2 protein chains.
Amino acid sequence: MPELRYDPLQHRWVIIATERGARPSDLQDTTKYNHIEHCPFDEGNESSTPPEIWAIREPNSPHNSPGWKVRVVPNKYPALNIGPEGKRIGVGYYDMIEGTGAHEVIIETPRHDLSMADLPPDHIKLVLLAYRERLRDLYKDPRFKYVLIFKNHGKRAGASLAHPHSQLIATPIVPRNISIKLDAAKQHYERKERCLICDLIQQEINTGSRIIFSENGFIAVAPYASRFPFEVFIAPVNHNCSFTAVADEELDRFSHILKKILLRLKSVLQDPPHNFVLNTSPNIEAKPKFSDQWVTLNYDYHWHFEIIPRLVRIAGFEWGSGFYINPSTPEMAAQYLREGKIE
Amino acid sequence: MPELRYDPLQHRWVIIATERGARPSDLQDTTKYNHIEHCPFDEGNESSTPPEIWAIREPNSPHNSPGWKVRVVPNKYPALNIGPEGKRIGVGYYDMIEGTGAHEVIIETPRHDLSMADLPPDHIKLVLLAYRERLRDLYKDPRFKYVLIFKNHGKRAGASLAHPHSQLIATPIVPRNISIKLDAAKQHYERKERCLICDLIQQEINTGSRIIFSENGFIAVAPYASRFPFEVFIAPVNHNCSFTAVADEELDRFSHILKKILLRLKSVLQDPPHNFVLNTSPNIEAKPKFSDQWVTLNYDYHWHFEIIPRLVRIAGFEWGSGFYINPSTPEMAAQYLREGKIE
């Protein structure tokens, strides 16, 4: 069973894969995808994955057979397992939680050779629908405090298979960066009775120079303090705390701006390796009893989407400090992406 | 002038290199070192670097000429500049600091082809002495709240030149990860009047299974909640808050355990790309007036050294969450490094 271990000095949980226990020879990194004879995510190879959890399929097509558009399956090598109770255990000074959670793969299309940028908006909408439905389902389980939905595109961004897919990990804790954001938003709300992210969006609208697109109720900006060159932040302009509450027509509008941004990144930066992450509110059902955390949750958070192109290497400075050097300016990045300038 | 910009949502400062302003074509990443005809760090090429700040030299050898053992020079492409006053400016909701700071390179040896693991302990001691002397000197400047000393070994760990060197960056703020650690240590001290890191070291001694070496007053462990496989933490067993206060004979003892660990990493993991970071207390002289931060500083922090082999790729999950999945166990890593097991 994997363990969640807490670092009391860094205030951070880490998943230790005690079962897999990679030895030195397992830790060879390469810049190429593993060679595979047949891709387990291709249509027709459904039996190569664990049984599907959710799918959008042609009417009457049986589970785990061809005829799907988006398919969600458990990760074959999960970081956390659905089984354990998630017991919390003190280990001397340290804290441990049994590795309960979920680790799923969202296969975005049956086509091996398309990236999300190439999919039509109405197909991207189906992927977003999968995210929402899996979030809603997993948030019924009070063991899971957060569900992180993310994508690794390209080997250098951590993808191990080329076939377009995203992943989700449900965790029995709220991860550190999310906690920091929630605390910031909560403090702001307590002082001002306004949402911090609504305020930041308003500031970006007033400034203008970092806006990439603003249309159909969504805004895409290069954040003022971007950690990485060409980082993109996308959010609904109107307040909405949780992705679980997003309406179908909102997914429709979101899919259009998302496709536009992904296409611009692809052309301006020549299909860069990148990650994206959906940020949403934690699972209210899992709120610790008697805690004053998340009390004002419906007012003080605002779902958003972050895209991080992987263009620069992260070195000792960043690991040691949590402090980043961005060699580009967000204002210039916004201009390139807005105008679609290609060098 | 570079800018330090604050992200109010993530509570994090970022350096934006507004001068360099890397465009898309500047952001090509490769796995090879830049080809250079002559290395600016080699002996005899002293005129290829900015004038030296500090060096250990043969008696009577002139500055910026051959005859040195360790040489410290300004970084030719600094992330922060020594010039600006470091004025703090509000930009709407955002915060900015003029990019004041220092960015220096510690050239560890005149020999291009040796890594730190290959240097004799008495030469490693001279590198550590350079760290201490530069810290002492930069901490005289009340603009600089922290000095981060780190090393990138290998292209995949962010090194751009092969010649063995470390770097330091002096910053007008305390970087986020350091702040988090300082807060944790301060809270622990306030509650218990004991140093958190002293307590953690005691816990490791009691447990035993994560100790790599413990000798001559230093302990090297694989941390309980290691973020990365084969991560190593080294600290003096006896309480010592700041690296500026380390005595020469302590540097001597430290150089021996450091060499031993670097050699073990090199043999067990086949010269892995890695980063290391020195963690020490911030600059007390730069403590904000009337602040209750760092009050108990001499008691509540404990300098330490972290080594991070770069064996796994960091993906969207980690960037989005600050939450890590470690495919190895620290207990196994400690055993491999302790026993020098080579696969």
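Mentor: Two residues are in contact if their C-beta atoms, placed from the backbone, lie within 7 Å. Please keep in mind that this is a predicted model.

Trainee: Then which residues does Lys125(B) touch, leaving out those up to four places away in sequence?

Mentor: Lys125(B) touches Leu251(B), Asp252(B) and Ser255(B), once residues up to four places away in sequence are set aside.

Trainee: And where is Lys125(B) found?

Mentor: Lys125(B) belongs to helix H1 of chain B, residues 121–138.

Trainee: Is Lys125(B) buried or exposed?

Mentor: Lys125(B) counts as buried because it has 22 C-beta neighbours inside 10 Å, and the cut-off for buried is 20 or more.

Trainee: Turning to chain A, what does its helix H1 span?

Mentor: H1 of chain A, residues 121–138, has 18 residues and reaches 26 Å from first C-alpha to last, close to the 26 Å expected. Its buried residues include Lys125(A), Tyr131(A), Arg132(A) and Arg134(A).

Trainee: How many residues of chain B are in contact with chain A?

Mentor: There are 81 residues of chain B in contact with 81 residues of chain A. The chain B side has 46 nonpolar, 21 polar and 14 charged residues.

Definitions and conventions
Residues are numbered from 1 along each chain as its sequence is written. Chains are lettered from A and ligands numbered from 1 in the order in which they are written. This is a predicted model: local features need pLDDT of at least 70, side-chain atom pairs count only at pLDDT 80 or more; totals for chains, interfaces and linings use all residues. Ala, Val, Leu, Ile, Met, Phe, Trp, Tyr, Cys and Pro count as nonpolar, Asp, Glu, Lys and Arg as charged, and the others, Gly among them, as polar. Helices (H or I, at least four residues) and strands (E, at least two) are DSSP runs, numbered from the N terminus. A residue is buried if 20 or more other C-beta atoms lie within 10 Å of its own, exposed if 12 or fewer, and partly exposed in between; C-beta atoms are placed from the backbone. The expected span of a helix is 1.5 Å times one less than its number of residues.
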